Amino acid sequence: MALLEVRDLRTYFHTEGGVAKAVDGVSFHVERGEVLGIVGESGCGKSVTSLSVMGLVSEPGRIEEGSSITYDGRELTTLSEKEMRGIRGNDIAMIFQEPMTSLNPVFPVGDQISEALRLHRGLKKKEARGRAIELLQLVGIPVPERRVDEYPHQLSGGMRQRVMIAMALANEPDVLIADEPTTALDVTIQAQILELLDELRERLGMAIVLITHDLGVVAEVCDRVVVMYAGQVVEEGPVGDIFGRPSHPYTQGLLAAVPRPDRREGTLAVIPGTVPPPTNWPTGCRFHDRCPYAWDLTREKMPPLFDLGGDHRSRCWLVEHPERREEVERTRPVFTGGAAQ
Amino acid sequence: MSELPVADVLAAEPDEETTLPPSKGDSDLGGRTLEEVDPGDALVHVRGLKKHFPLRGGFLSRIQGHVKAVDGVTFWVGKGETLGLVGESGSGKSTTGRAILRLIEPTEGTVVFAGQDVTAMDAEDLQALRRQAQIIFQDPFASLNPRMTVGDAIREVLKVHGLARGEGADARVRELLRLVGLRPEYASRYPHEFSGGQRQRIGIARALSVEPEFIVCDEPVSALDVSVQAQVVNLLEELQQRLGLAFLFIAHDLSVVEHVSDRVAVMYLGRIVETADAEQLTRSPKHPYTRALLSAVPVPEPGRKRERIVLPGDVPSPIDPPSGCPFHPRCPHPLKDQDCARTVPPLAEKAPGQFAACIKEPAYVAPTGS
Amino acid sequence: MTDREREDHGMGRGPERPADPESGVHEPVEKLAPDAAARERAAHTPRPGVPEPERTGADRGEPTRADERAATALEPPHGGASGLATALTAILPGSGHLLLGSPARGAAFLFAWGALLAAIWLGWEAISGVTEAGSLDDWVAIITLGLGLLAVWLGAMRDLRGAAAEDARRTAARHAGDDPGIQDRSGDSQWSIAARHFRQNVPALVGLVLVVVLYLIAFMAPLLAPYDPIAQGDLTTTGYLPPSGDYWLGTDQFGRDIMSRIIYGARISLAIGFIAVAIAIILGSLLGAIAGYIGGKVDAAIMRFTDMVMAFPRLILLIMIIALFEPSLTLIILVLGLTQWPGTARLVRGEVLSLREQEYIQAARALGFGRWRIILRHLIPNVLAPVIVAATLGIGNTIVLEAGLSFLGMGIQPPTPSWGTLVADGRQNLIGAWWVATFPGLAIVVTVLAFNLVGDGLRDALDPRMRS
Ligand SMILES: Nc1ncnc2c1ncn2[C@@H]1O[C@H](COP(=O)(O)OP(=O)(O)OP(=O)(O)O)[C@@H](O)[C@H]1O
Ligand SMILES: Nc1ncnc2c1ncn2[C@@H]1O[C@H](COP(=O)(O)OP(=O)(O)O)[C@@H](O)[C@H]1O
Ligand code: SF4
Ligand SMILES: [Mg+2]
Ligand SMILES: [Mg+2]
C-alpha cells in the first residue's frame, strides 16, 4: 500500500461568484523515499491539493463527499481537527510557497523550530534548542549557534527557506510536501535547496511531494510526475516517460514552451490562451479550448485517464484516436520550436 | 537523525582573505578591456555607469553609507539588437535599466543615446528622449494605473507627446492593441480585467505608442507561466523584427535571456562579470560565476545528469561588497588565491569578443599584425 | 447599461480572476502561433449537428446571443404588467414595484414618498406662508423638500425600468437555458466594483439611509420642528412635561419642545462634523501628499510637526484654545478641524510613498508625463479611496467630540440647541425627567453609528484586499 494515497479528491470553494472547483477529482499516490512532482500552470489547483492533504482548506472551501486521503492506511478526511493536528507537522509536513511570509516575524527562528518540537515531542526547552541547532546545521545554515537566535528578517530568502525546511523536518515526517519551495529564490540558491532536498530524501527516506511549475526542476529531482490542468490530473507517469514520450497535448505544450540553451533558433512554441477561471471549467475535455487537436468529441465528452502501460496515464482522447493527431499534424506543425518529441 | 553529517557543501562560511591560499603569482591582468573597445555607431553606449543609493538613518536622516547598486558598468546596444542582462536579484539590473533612461539619476558615468549624452540632458531633451527610449516593467499587476481604462492610458501618452487626438488617437489605440495581439474592443476595459500575460501586452502597447527605437524590458516575463512567457517572448521578437527595435532585455532566467539575446552581459553585485555573444557565452563561459549560473539552470531532460556547481553562501550585501573580486567569497575557481581579494579584476578579453572579469583566466592576445 | 445590469454581469466572476482568459487574445501575427490562427478559423466553421459551445464565442469577446437579448431587454418595457406598473409608479412611486414582484424596493420607495408627504403636512404653515414671511431657512427647507420628492419619483421610475429589464433578461436567459453571466461588456472600473460591493452590504446601506435622512431633517428643520426650539414657554405649565401627543419627546425645564430642539440640534452637529472634517481632510491630504511626493527635508519637517501636534492630547488642546477665546460655532469648527489633520496627513503620506514606488508611476515618468499630471491623474485618484473612508469615520468622531465639549460647557453656548448641550441640560434632573437627556443622547448614538456603518462599508468596498 502506498504511504500517502489521494483518491478522487474534490475541493470546492463555494463563493459568491459560483462554485470554484479548484480541485476536481484528483488521485495520486506517493511511496516511501520517492519524490513525486506535481506540475501545471498557475491556478490549476496544485496548492489547493496540498492544503487539502494537510487538512488546511479554509472557508469557503470544502473537501467534498467521496474524496479520500489515506496516510499509512488511515483515512484523513474524516479525522477531527485535533487528530489532524497530531498528523500535521509530525507525519506529514509542508513547506509553503512564500519564504518571506511563512515565518513569524516577531520570534527568533530557533524558537519557532523549538515550538514544533515541544508540541509534538514534549521536549524540554533546553533540549529543543539543542535539537533546533542540529536541524539548522542539517539544512546547511552556517554558524547555527548564532543563527538560532536571529529573527527572520535578519536572514536572506534562501536561509529563510532552509529554516522552513528545518521546521518541517523537526519531527522527522514521513511525507514532506513542498509547495514551490524555490520559486521565490535565485537559481544559484535554488540549486542549493534542490541539492539539500535530494540529500535529505536519500538520508532520511522521506517521501517528498514537490509542487512546482518549473519543468526543469521536476526533471532533475522527481521520480514520478503528475501533470495538473484545471483541477484534474491530465497525465501522470515516471519522469522519463513524461519528458521522453509525453502523451497529453498540454504536457507537450508545456515542454515545448521552455526556452532551451541548446535550441536557440526560431520562435518558442506556445499554448494559446490561459487557464480558465475555476468557476467555469470548459465542458468535455477541459483543455479543449486551448488544444490544437480539439475536435467534436473532445468538446463534448470528458476523457477518462487512459492507461498507457508502465504506470503512465493520460487524460486525452488522442489515446483512443491517434488518427486525429496525424490528421492535424499533416496540415500544420504543432508545438514546434521546443522539445516536443 | 542527529548523527547525520552536516550538509557540508552548503555550510561553508564566506572565505576571509586570510583563509585564501597565498598568492601564486599566476594572475593575468592583461587583455583588452571592454572600455577600450570602440563599438562603432551603437544606439546606446553606457560607459562606467554607477549608481550609489545613499543609506539614510537616524534622527535627521543622515547618510550612513551607500548601497552600491551599480558600480561601474560599461556596455552598448546596437540598432535593432538585443542585449540580455542577467544576474540574481539585487545585482543591479533594474537600477541599470532605469539609470539609462534617467528615471533615477546616475551617480557617475555617461550614457550616450543616438549620439546625445543622456546624463547631460535638460528637461526638454529628456522629454524628447522619452519618445525614443521606453521601458516595460516586470510586474504586470503593478505597472498599469488601476483606475484608468487601457484606452485612456494609451491615449494619455499620445496626448502628452502631441502624437494624436480625438478620432486619430482612438484609431491609433486600436491599431496598437491589434499590434500586440489584443482585441481593439478591450480599450474600454480596466487593467484588473486582464490576465498577467494580457497586461504585459498592454504595457508593451503603451511603450510602443511613442514609436521608440529602444526599449528596456525589465524582467517582462518573470512573473508569467512558461506557456504565457513563450507568448510574450515571441511577441517581443516579432515586434523587434517588424519595427527594428533595440532591446535591453533584463531577466534572471538565463535560458530566456539566451533565447532572445544577440549578446549577453552577466551582472554580479553591481558589475558586469562577463559579456559575450549569446551562443559563445553558453558554449564556453569564462567566468566561474557564469559557469555556476549555467549549471544551476534546471533543464527539462531527466536522463541528462549534469554536474551542478552549487555555490556556497548567499550574494553579499551591496552596501559592503567584498574587496577585490566581488565574487571571491563564493568562487569555486581552483586557482583562487589572495590576489582575488586584493585586485579588482578588469573586464578583459578572454576570447575574441568575450570579456570576463576574472584574473585567473588567461587573457586573449590578438595575433599581432592583424 | 444601468447599474443593475452591470451588477449582474459581474456576478459570474471572482474579483481577481479576469472574466475572459487569454483566449480573448486573437493572434494577428500569423507567425506567432500558426496553430492558434487556424484553430480560430476552425472554431468558426459551422459544424452541422454540433451546437457551438456558448463559451467559446463569448470568450473571444464577440457579441453573443445573450448580448443581443440584453440589448433588446434594455428598451423601456411597454404593454402588459410593466405598462400598468409604470403608470402606477408615476402616480405613487413604489406601487409599480409591488406589482412587478419586488416588494422590498416598493416598500422603500413608498415609505420615502410618504415621509416626504408627511413633512409637507407638518410644515404646511411655513410652506404656505413662505412668500410673505419666509426666511432663508424656510426657503432652503422647501427647496430641499421639492428636490427630495423629485429624487424619489425619478429614482422609482428608473429603478422600475431596471427591474423590468432585468426580469425580461432573466426570463430570456432561462428560456435559452444558458448562463447570462459571461458576455462582452465595457470596462468595469474600480469605482463601479466598489459600488457593487457597497450595495450588497446591508448594514452599510442602513447607515447610508440614516445619514441621508439626518441631512434631510437638518435641512428641513423649519418644516419639521413643531415648536420654536429657543423661545421659552410658561415654566409652570409646560416645564418638564413627559412625552405626550402634544410634545412627542417631552419638554425641558423651560418648556421647550425636546423634539424641536433635537431637530435643530442636528444642523449644528452635522454642520460641525462635516465642515471640521472637510478642513482636516483638505489640510491633511495636502500636507501628506507634499511630504510624500517631495520627500527629503520637506518631508522630515512636515512629519516632525505632525508628530508634535499628534503628541499633544487633543481634548486638552481643545479646552485650552476654547478657554482662551470666546466659544462660538466658527471657533469650534476651526479648532476641531485644525486639530484633526495629522491623522489624514500620515495616512496620505504613507499611501503616496507606497504609490510612488509603484511601477505605473515609474511608467508614467518614463513616458514623459509632467509632475502635476502624475500627481493629479495618477496619484490622487489612487489615494482617494482611503481618504474617503477616513473622512466618513471622522465625521462620526467629530460629532461625538463636539457633543463632549458642549456637554462640558465649552462648546456651543445655550440657548442654541446642540446635542451636547441638550444632554447637559438633562443632567440636572435625570431621575425626574429622564427624557430630557435620553433622546438627544440617542440621537448622538444613532448618528455616530450611521456614519461608522457607512465608513466600514466603504472601507470594505474600496479596499480590494477586504473584498472576498
Ligand atoms: N479561498 C479560495 N476561494 C476561492 N477560490 C480559491 C481559493 N483558493 C484558491 N482558489 C482557486 O482555486 C484555483 C487553484 O488554486 P491554487 O492556489 O491551487 O493554484 P496553483 O496551481 O497552486 O497556482 P500557483 O502556481 O499560482 O501557485 C485557483 O483558480 C484559485 O483562484
Ligand atoms: N531606491 C533605492 N534605494 C536604496 N537602495 C536601492 C534602491 N533601489 C534599489 N536599491 C538596491 O540596489 C540593489 C540593486 O537593485 P536592483 O537594481 O533592483 O536589482 P535587480 O533588478 O538586479 O534585482 C539592491 O541591493 C537594492 O536593494
Ligand atoms: S572570479 Fe576569478 S578573480 Fe574572482 S575570485 Fe574567482 S578566480 Fe578570483
Ligand atoms: Mg500555488
Ligand atoms: Mg529588478
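**Exercise 1. The two domains of chain C**

How many salt bridges are counted between domain 1 of chain C and domain 2 of chain C? Describe the contact between these domains, keeping in mind that the model is predicted.

*Solution.* 

Step 1. The domain assignment of chain C places domain 1 at 81–178 and domain 2 at 223–466. Over C-alpha atoms, their centres are 32 Å apart. Domain 1 of chain C brings nine residues to the contact, and domain 2 of chain C brings four residues.

Step 2. Take the area. The two domains of chain C bury about 540 Å² between them. Carbon and sulfur atoms carry 67% of that area.

Step 3. Count the pairs. Between domain 1 and domain 2 of chain C there are zero salt bridges.

Step 4. Assign the domain 1 side. In chain C, α7 (103–122), α8 (124–128) and α10 (136–176) each give at least two residues to the side of domain 1 that touches domain 2. α10(C) has the largest share, four residues. By class, this side of domain 1 of chain C holds seven nonpolar residues, one polar and one charged.

**Exercise 2. The interface of chain B and chain A**

*Solution.* 

Step 1. The size of an interface is often given as the accessible area lost when the parts come together. Chain B and chain A bury about 4,700 Å² between them, with 58% from carbon and sulfur atoms. In residues, 50 of chain B are in contact with 60 of chain A.

Step 2. Count the pairs. For polar contact, the rule finds eight residue pairs, both residues at pLDDT 80 or more.

Step 3. Locate the chain B side. Five elements of chain B each give two or more residues to the side that touches chain A: α1 (8–11), α7 (226–243), α8 (254–260), α9 (278–283) and α10 (288–296). α7(B) gives the largest share, nine residues. The chain B side divides into 24 nonpolar, 13 polar and 13 charged residues.

**Exercise 3. Confidence**

*Solution.* 

Step 1. Read the scores. The model has ipTM 0.80 and pTM 0.76.

Step 2. Take chain A. Its mean pLDDT is 85, and 96% of its residues reach 70 or more. Residues 337–341 of chain A are below 50, with eleven contacts beyond near neighbours in sequence.

Step 3. Take chain B. Its average pLDDT is 86, and 92% of its residues score at least 70. Residues 1–15 of chain B are below 50, with 40 contacts beyond near neighbours in sequence.

Step 4. Take chain C. Its average pLDDT is 72, and 74% of its residues score at least 70. Residues 1–79 of chain C stay under 50, as do residues 176–185 of chain C. Helix α3 (residues 54–59) of chain C has the lowest confidence in the chain, at a mean of 36. Helix α19 (residues 341–356) of chain C has the highest, at 88.

How values were computed:
Residues are numbered from 1 along each chain as its sequence is written. Chains are lettered from A and ligands numbered from 1 in the order in which they are written. This is a predicted model: local features need pLDDT of at least 70, side-chain atom pairs count only at pLDDT 80 or more; totals for chains, interfaces and linings use all residues. Side-chain values use heavy atoms; hydrogens and water are left out. Contact means heavy atoms within 4.5 Å. Buried area is the accessible area (1.4 Å probe) that two parts lose on being put together, summed over both. A polar contact is a pair of N or O atoms within 3.5 Å; within protein, one must be able to donate a hydrogen and the other to accept it, and residues adjacent in sequence count only if both atoms are side-chain atoms. Ala, Val, Leu, Ile, Met, Phe, Trp, Tyr, Cys and Pro count as nonpolar, Asp, Glu, Lys and Arg as charged, and the others, Gly among them, as polar. Domain bounds come from an automatic or database domain assignment. A salt bridge is a side-chain nitrogen of Lys or Arg within 4 Å of a carboxyl oxygen of Asp or Glu. pLDDT is the predictor's confidence in each residue, from 0 to 100.
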